[in-house]
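Thanks, everyone, for making the time this morning.

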Amino acid sequence: MRYLVISDIHANLEAFESVMAAAAPLNYEQILVLGDLVGYGADPNAVCDRVRALAPQALIRGNHDKAGSGVESPEGFNAVARSAIGWTYEALTPDNREWLAALPAGPLVVDDFIEICHGTPFDEDAYVFDDLDALRAMHAARRPLCLFGHTHVQVGHYLSRDQFGLSTADDQRPFTIRLDETNRYLINPGSVGQPRDGDPRAGFAIADTAAREVTLHRVEYPIAKAQARILEEGLPDVLAQRLALGR
Ligand code: ZN
């Protein structure tokens, strides 16, 4: 199976549309969505409608989906995120709010080879920041390939019998990670709508279980348009500014 893998769209419709256009010629068969459809960006309803129409094979919630739909209190979020969450809750139609609130928690086993989660396989809200987090996540995963989001950093970790490390040492994109049969992998497709790894382009991945490879992609999108939408809706300025920096 050939999957399009997307995560952390964050209500950025411009980035989402550009990813779908770039992915169209890549012959994917199914879609996997790793959570955080909303929060930060200005178009939560359009993004929810678009995801619903795509009917992904697997779709799990992120922390912003929980807070933005009222499943969880936004108390643990910083002031800017909290303000965007409050705005998102009000902006969502009751139908989209209910749909988001009903999204399943990760981790979720997709097939014999792939498992998806938002944060980690042991805690949907935990971040993979360092080697130790990655190692713990790979040990907890029930499948050889675990796809995750939440950090907004496009990266691949591997674990073999005697070592672990990064499969993505350079910043050349597209970048293909070949999946060795004896290793375990923990791969983040990057964030569609709010990259934080210094590259402002939207991130996504194609995971091919027959070819045993994952390719990381980046695509340019109309950032100025997404920024203008954020300001137009009265969301915090910093949410518009950070899109240009990819931070
Ligand atoms: Zn996120």
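Please keep in mind that this is a predicted model. In it, the largest pocket has a lining of 19 residues, and those that lie nearest its centre are Val153, Gln154, Val155, Arg173 and Asp197. The space in this largest pocket comes to about 310 Å³, and its lining, sorted by class, consists of eight charged, seven nonpolar and four polar residues.

Let me turn now to the helices. Two packed helices are described by the angle between their axes and by the distance between those axes.

Helix H7, residues 223-232, packs with helix H8, residues 237-245, at an angle of about 175°, and their axes are 8 Å apart. Since angles over 145 degrees count as roughly antiparallel, H7 and H8 are therefore roughly antiparallel to each other. On the H7 side the residues that meet H8 are Ile223, Ala226, Gln227, Ile230 and Leu231, while H8 brings Asp237, Leu239, Ala240, Gln241, Leu243 and Ala244. By class, this contact of H7 with H8 has eight nonpolar residues, two polar and one charged.

The other pair is helix H2, residues 44-54, and helix H5, residues 94-101, whose axes come within 10 Å and cross at roughly 60°. That angle makes H2 oblique to H5, and the crossing of the two is left-handed. Here Asn45, Cys48, Asp49, Val51 and Arg52 of H2 make the contact with Asp95, Asn96, Trp99 and Leu100 of H5. By class, the contact of H2 with H5 has four nonpolar, three charged and two polar residues.

Definitions and conventions
Residues numbered from 1 in each chain as written. Predicted model: local features only at pLDDT ≥ 70, side-chain atom pairs only at ≥ 80, totals over all residues. Heavy atoms only, no water. Axes fitted to C-alpha atoms, helices over the stretch in contact; angles between N-to-C directions. Helix = DSSP H or I, 4+ residues; strand = E, 2+ residues; numbered from the N terminus. Parallel < 35°, antiparallel > 145°, perpendicular 65-115°, else oblique. Left-handed = near helix turned anticlockwise from the far one by under 90°. Contact = heavy atoms within 4.5 Å. Nonpolar A, V, L, I, M, F, W, Y, C, P; charged D, E, K, R; others polar. 1 Å grid on protein atoms, 1.4 Å probe; cavity = no way out; pocket = protein on both sides within 12 Å on 5 of 7 lines; lining within 4 Å. Points joined across faces, edges and corners; volume = space filled by probe spheres on them.
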